[in-house]
Structures are given as structure tokens and as C-alpha cells.
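Please open the model in your viewer and keep the selection tool at hand. The stops below move from single chains to the place where they meet.

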Amino acid sequence: MSRTVAETRASAANPSVIARLLRRPLALAGLIVICVTVLAAVFAPWLVPFDPYEQFFEGLTIEGAPLPPNAQFWFGTDLVGRDLFSRLVYGARTSLVIGVVANGIAVIIGSLIGITAGYFRGWTDTVLMRFTDLMMAFPALLLAIVLAAIFTPSLWIVAMVIAMVNWVQIARVVYTEARSLSERDFVMAERAMGAGAGRILFRHILPHLLSTIIVWATLGIATTVLLEATLSFLGIGVQPPTPSWGNIIFENQTYFTSAPWLVFIPGAAILALALAFNLVGDALRDILDPTQQGRH
Amino acid sequence: MAAYIIRRLIQTALILLGISFVTFILLYLVPADPARQIAGRSATAETVENIREQLGLNLPFYEQYLRYLASLLQGDFGRSYLQKTEVSTLIAARLPASLLLMAGAIACELAFGLAMGIVAALRRGSHTDNALMITSFIGVSAPQFVIGILLLYVFAVKLGWFPIGGYGTFVHLVLPSVTLGFLGAGWYSRMMRSSLIDVLRQDYVRTARATGLSRAKVLFRHAMPNAILPIVAMIGIDIGLFMSGIVVVESVFGWPGIGQLAWQAIQRVDIPIIMGVTLVSACAIVLGNLLADLVTPLIDPRIKLR
């Protein structure tokens, strides 16, 4: 923990972190899954064989049942004859946009609250951290459900709802570290030299916290992806016809006995993406946090 | 000790007060007009106004909150907009099923989580260890509704070992418990592993081994009591995971608990029920944390309460 600012900066931007990440097979596998998903999301319009919103006449059997995976529709079709593969690729956009936006907002709110409470102490600390404790007492999913019920859900509202639920944990972690950093001699020295709070917070304390924030931001994307999928599965997340991995399952779950691919293929996609971010986040924690070394 | 307990109880009471305030604000923000919803579509403006008066919706903000708080203290969570029943009655009727499900889930996650963690710690660095830790990662990354539907598909539809859904006997309990406990088992196994590895490194364990005690005896009599401590503190946090999880698991399996109640309320935008379940869950989480804090020093005399 006793690293200088320069060292921390170096390790956060150091190519060797990425090199060390690539040397771990699990983290490498996670990175590959993330890259594939990002590419699929970015290039979705050029990748998909069909329009994800079009209901194909030949996408259903004579009896009107969805088609299992075949040569024309690679992952089969859904209950109204839309191509599942195309919907899945477009669904990656939803998952990633929400994962990045919602988690980004959560990380910013959480870091600001944690760092402010940790540095200023006194009543600022008490008010902010008691509020954080209070929000921790609410089960994340239920709070998200209440918020989603209050606002009519859209992609951005879902992202906001998730951000408002997920900042709590990162605030706790950042707070603990910021508090111990504020006690250190170099902060005292800065203060003695007359540096303002803004300068100390952002030039001296924040750089030390970067590695912690990076780790929790990565792990947080996994949580966010799962929460979005769960909200969409319950029907209060991203609304159909916009495809999301969660709402594809929501739309088709009643037929899972006769059309299992409609549940398990999107389910596998959610699992793979969440697992990938968890694996990379865990490896980053090992690499960036020296106190954790030797425990794995 | 007594001073600590009293301070902790006061803190808990303050948090519960905060919870009631947050719930109230959320209720206050809901755009739908409860008076209109209760009166029905064909009601006259006068009837709606009467109901508003009755519910105290014309009172200033803080007076409304005090009324809300007073009714909460009397166990009155309001009335469902659509079922016209007391929310507290609905929740009380559903709570036993949810508690049963949570008990089943705790049993599952302790059984799977501890066993996986112990084996991984003892075989540290081996292929078994790696395989178990990947499994635990999958456990914490898998969406619960997919696990639930997968278990249903394999064990109920294809193999026919368990019923597809419903409630009543032990066989009905198995699949929902495993689904709800899957996530926790992942966390427990990772914690158990790192905690046991730390303990096994300590001198007293080596001494115990050197006196000629068997491996099993050292593990279960000497190492485990220390290694299990962090797990006890986890159970408080667990309740939070469960409270989110039961909404999903109960809706997948048709389990008649408060999660299903909340899920049905979501479909009909029946806000009082959703708020009631949220309130009950938040209280359960706060009390769970309090219990974990109070129980830990009883197990570990080294922890001094201040």
C-alpha cells in the first residue's frame, strides 16, 4: 500500500498490467469474450444476416411454432418468427450500453461520495456514510423494481435505475481507502503547504485510488449486466421490441419446454459476459492490489 | 458489551427510521394518484376528493410522513390498490413459504459452498482447485432465472425427478432452494477457501499436526472453527441477496412467497405491495446484520466489542 503517486500512476497505465493479464488463461478467456461482444455490438448492422425486428413467414413451422437452430436461422427463430441470432447480436448493444453507462455513473457517484466522506470526515462523513449504509439495507433488485415502476422504463431509465442502486458498494470501498490515505504524511505535508481540498483530493488522493476503482468498475459491469438481464426478464427493464438478452428470455420463457434454445442461448450469452467481466476484474485485483497476493 | 449492544440497537432503530423515510419518499414520487386508483375510473371528482381527504393526501409532506410512520409502527402497511386487502395480511400469509425457501437455500449454499471451499483449500493449486474455483465463478455470474429454468428443464421436464412447480412437499422445495442457493454457494466457497488457506498457514495448525493428530482432526477441530468465522458474518449479507433472489426464483417456480407477491404486484403496478415487500426485506437485512454482529463475538472470544 505504501506506493508513491508516481508508482501508482505508472502501474495503472503500465503496459505490464495488460501483459500480466494476458498471461493468465482465465483473464485472457474473459478478455476474448469481452472483445467479441464489443465487436458484435459495434458492427451489429454488418454482422447480422436478418433484420432483428422482421417477423419471417418462413421463420415459423406450419403449426406456427418457432424453428430450432438450422442452416438458415443459425440460432433458430423466436415465437413470432424473428431470427434469434440477429436479435442476440443487437441485444449485445443493449447489455454493453447499459453495462458501461450505468456502471460508469455508479462508479462516478460512488467514488465522489466515498472520497469526499473519507477526506473531510466530521459531519460530511457521518451524513454521507450513514446514507450509504441506509441504501445498503435495501435489496438492490427490489429497489430497482420500485424505481422502474415509478419511471416508465426505457433504455436510459434502466441505466439510471441501475446506477442509483449500484454506487453503494464502490462508495464503501473508496471511503475506507480514502480515509486511511487522508491520514498519511504526504497529505499532511500538502495541507501544510497550503494546498486546497480540491487539489489534494484530485491530484494526490484520487491517483492512489485508481487501481481500486478500476477493479471495482470491472467487477461492477458484471453485476450491472446481470441486474439489467434480471429486470428485463421480469418485464420492467428494456422494453420489447428492442432486443435485450433478458427480455428475449422474458418473451419466450413460457415455451421453454418445447423451444429451449430461446431461453438457453441468450442465457448462455448473459452468463458468458458476466463471467468474463468477473474473471478480468478478479485478475486485475490480484495484479493491482499487493495485499491480495499470495492468497490465490 | 451492554453499552455496545445498546448503541448498536439505537443505530439499528435509526436505520429503520431512515428506511421508512426513503420508502415514503418513493411512494410520494409515484406519479399515479392513489385516490383515483382506489375510486375507480367512473368515480366523480367529489368521491376522489373524499378519498384524498380520508387518506390524508391533502396534508403537508411532513404530516403525511408522520401519519405513514405511525401506521407502520402499528403494523399497517397500507392497502393494496387492486386486491383491496391489507398489505400486512398479504405479506404475513406469504412469509412462511419464503422463509422455508430461504432455509432450504442456506442449507444448499452451506453444504455446497463449504465443501467446495474446503476441498479447494486442501488441494490448493491443483486441477481440482482450479475447476472448483471456475465453478464458483460461474455460480456468482449466472443469472438466477436461467439457472432456475435450466434446472426445471433438466430435472423436471426431461428426467421427471422433481415437479415442475408448486408448493407443499419436500420434493417441491429442492429445485427452488438449489437455484436460490447457487449464487451464495459461489461466494461461500471462495471465502471458505481463502479463509482456510490463511488459517492452515498459521503456527498453531503446524503444531497440532506435529503432535501427531490426524489431518482430519486438525482440520475439523482446530482449523475450521477459526476459518468459519468470516462465513458467519456473511449470513447477514446473504439475506440481502436472498431478498432480491426470491422475486426471481419464486416467479420461475411459482412458489407462493412474498417474492411472487411482489412479482404479481409489479405486473399490475400495485405500488403498496411492492413497497411493503421492500420494507420487510430492508428490515430483514438490517436485523440480519445486527444478528451477525452480535453472534460473532459469541463464537470468537478474541473479538472485543467497543
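Select residues 26-48 of chain A: in this predicted model the span is 91% helix and 0% strand, and its end C-alpha atoms lie 29 Å apart. Helices here are DSSP runs of H or I with at least four residues, and strands are runs of E with at least two, both numbered from the N terminus. The span is one of those that UniProt, in an unreviewed entry, lists as "transmembrane region" for chain A, the list being 26-48, 96-119, 209-238 and 258-280; UniProt positions follow the numbering used here, feature names are shortened, and annotations may be inferred rather than shown by experiment.

Residues are numbered from 1 along each chain as its sequence is written, while chains are lettered from A and ligands numbered from 1 in the order in which they are written. Because this is a prediction, local features need pLDDT of at least 70 and side-chain atom pairs count only at pLDDT 80 or more, whereas totals for chains, interfaces and linings use all residues, and side-chain values use heavy atoms, with hydrogens and water left out.

Move on to residues 209-238 of chain A, where the end C-alpha atoms are 33 Å apart and the chain is 83% helix and 0% strand. Then widen the selection to residues 92-281 of chain A, which the unreviewed UniProt entry lists as "domain: ABC transmembrane type-1"; the ends of this stretch are 20 Å apart by their C-alpha atoms, and 83% of it is helix with 0% strand. With the whole of chain A selected, you have 12 helices and zero strands, and the C-alpha atoms fill a box of roughly 80 × 45 × 30 Å along the principal axes.

Chain B comes next, with 13 helices and zero strands and a C-alpha box of roughly 85 × 60 × 30 Å, again taken along the principal axes. Among the residues that UniProt (unreviewed entry) lists as "transmembrane region" in chain B are 12-30 and 273-296. Residues 12-30 of chain B are 95% helix and 0% strand, with end C-alpha atoms 27 Å apart, and residues 273-296 of chain B are 100% helix and 0% strand, with end C-alpha atoms 34 Å apart.

Now display both chains and select what lies between them: 41 residues of chain A are in contact with 50 residues of chain B, contact meaning heavy atoms within 4.5 Å. The area buried between chain A and chain B (the accessible area, with a 1.4 Å probe, that the two lose on being put together, summed over both) is about 3,800 Å², and carbon and sulfur atoms give 79% of that area.

Which side chains meet in a salt bridge? Select Asp282(A) and Arg190(B), which do so at 3.1 Å, N to O; the term covers a side-chain nitrogen of Lys or Arg within 4 Å of a carboxyl oxygen of Asp or Glu, and the count between chain A and chain B is one. On the side of chain A that touches chain B, helix 6 (122-136), helix 7 (140-150), helix 10 (197-233) and helix 12 (261-288) of chain A each supply at least two residues, and the largest share, 11 residues, comes from helix 12.

Finish at Phe233(A) and Phe145(B), an aromatic pair that is stacked, with 4.2 Å centre to centre and 5 degrees between the planes. The pair crosses between chains, from helix 10 of chain A to helix 7 (residues 144-158) of chain B. Rings of Phe, Tyr and Trp (its six-membered ring) pair if their centres lie within 6.5 Å, and planes under 30 degrees apart count as stacked, over 60 as edge-to-face and the rest as tilted.
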